[in-house]
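Subject: Structure for you, with notes

Hello,

Here is the structure I said I would pass on. My notes follow it.

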Amino acid sequence: MSGTVFITGATSGFGRATARRFAKAGWSLILTGRRLERLHALLDELGAQVPVHVAALDVRDAAAVAAVAAGLPPAFQRVTALINNAGLALAPVPAQQANLADWHTMIDTNVTGLVNVTHAVLPALLATGAGASIINIGSIAGECPYPGSHVYGASKAFVKQFSYNLRCDLLSTGVRVTDVAPGIAETEFTLVRTQGDEKAAGEVYQGTTPLTAEDIAEQIFHVATLPAHININRLEMVPVRQAWGPFAIDRD
């Protein structure tokens, strides 16, 4: 199976690895992200293998998202899979110490951006019908609370419930919806969250074996290429060395 995949946040981490995985299988790629130079680098890397269309895009900008979706070249208009990957975490501190602007940025990107892209690309997916997929990148943070997760975890809980609700609305269309919810994975994600503090970012992964971007990309590809009659509602994956923690109890 092959088709055309639309990937947000394709310039790093899960998005970039996913672009490479789909290219390996011969899919056409629509790659979006805020860093145009990285998109051009991917175009140079993958364009000799498969058709690639790139567009600089901030998913928070609804008008820009709609323009990109409406302006796809004819060869890219039949979208088979949408990978809503763009997202970020900020302010890994207690809520009472967090900057309100960081909360707004996470909501605008992880929630509003997801809604913007889904709404804009949905008509193309509906036109494709059976076998088309919407794959939203959630997180175990949307299910399991932990200190410093405040708005980030809440935004990923939105991803989970939005995915489930979309399934209800799209039941008769053949379009599938999946929430892919990874655990700890080593990418630029933590570097962004720590505002470029490489030492702090490195300590998150020190002494353990996290997932990789390629691990996530492989599962995204698996979900998108299942037979058309199969829908995985939620795929939660963590490294073997990650599990649930004990209850936190405040003591005198």
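How far apart are the axes of helix 4 and helix 5 (residues 150-169), and at what angle do they cross? The axes come within 8 Å and cross at roughly 15°. With angles under 35 degrees counting as roughly parallel, helix 4 and helix 5 are therefore roughly parallel to each other. Helix 4 passes helix 5 in a right-handed crossing. Please keep in mind throughout that this is a predicted model.

On the helix 4 side, the residues in this contact are Trp-103, Met-106, Ile-107, Asn-110, Val-111, Leu-114, Val-115 and Thr-118. They meet His-150, Val-151, Tyr-152, Ser-155, Lys-156, Phe-158, Val-159, Phe-162 and Leu-166 of helix 5. Sorted by class, the contact has 12 nonpolar, four polar and one charged residues.

Helix 4 (residues 100-128) also packs against helix 3 (residues 62-70), at an angle of about 30° and with the axes 9 Å apart. This pair is therefore roughly parallel too, and helix 3 passes helix 4 in a right-handed crossing. Ala-62, Val-65, Ala-66 and Ala-69 of helix 3 meet Asn-116, Val-117 and Ala-120 of helix 4. Six of the residues in the contact are nonpolar and one is polar, with no charged residue.

The crossing is right-handed. From helix 1, Gly-13, Phe-14, Ala-17, Thr-18, Arg-21 and Phe-22 take part. Their partners in helix 8 are Ala-213, Glu-214, Ile-216, Ala-217, Glu-218, Ile-220, Phe-221 and Ala-224. By class there are nine nonpolar, two polar and three charged residues in this contact.

Asp-179 sits in strand 6 (residues 176-182). Is Asp-179 buried or exposed? Its relative accessible area is 0%, so Asp-179 is buried. A polar atom of the Asp-179 side chain lies 3.4 Å from the backbone nitrogen of Gly-138. Leaving aside neighbours within four places in sequence, Asp-179 is in contact with Asn-136, Ile-137, Gly-138, Val-159, Lys-160, Ser-163, Asn-233, Arg-234 and Leu-235.

Ala-91 is in the loop between strand 4 (81-84) and helix 4. Most residues other than glycine have a negative phi. Ala-91 is not a glycine, yet has a positive phi of about 55°. With a relative accessible area of 9%, Ala-91 is buried.

Trp-244 lies in the segment after strand 9 (234-237). Its relative accessibility is 69%, so Trp-244 counts as exposed.

Regards

Definitions and conventions
Residues are numbered from 1 along each chain as its sequence is written. This is a predicted model: local features need pLDDT of at least 70, side-chain atom pairs count only at pLDDT 80 or more; totals for chains, interfaces and linings use all residues. Side-chain values use heavy atoms; hydrogens and water are left out. Axes are lines fitted to C-alpha atoms, for helices over the stretch in contact, and angles run from 0 to 180 degrees between N-to-C directions. Helices (H or I, at least four residues) and strands (E, at least two) are DSSP runs, numbered from the N terminus. Angles under 35 degrees count as roughly parallel, over 145 as roughly antiparallel, 65 to 115 as roughly perpendicular and the rest as oblique. A crossing is left-handed if the near helix is turned anticlockwise from the far one by less than a right angle, and right-handed if clockwise. Contact means heavy atoms within 4.5 Å. Ala, Val, Leu, Ile, Met, Phe, Trp, Tyr, Cys and Pro count as nonpolar, Asp, Glu, Lys and Arg as charged, and the others, Gly among them, as polar. Buried means under 20% relative accessible area, exposed over 50%, partly exposed in between (1.4 Å probe, protein chains only). A polar contact is a pair of N or O atoms within 3.5 Å; within protein, one must be able to donate a hydrogen and the other to accept it, and residues adjacent in sequence count only if both atoms are side-chain atoms.
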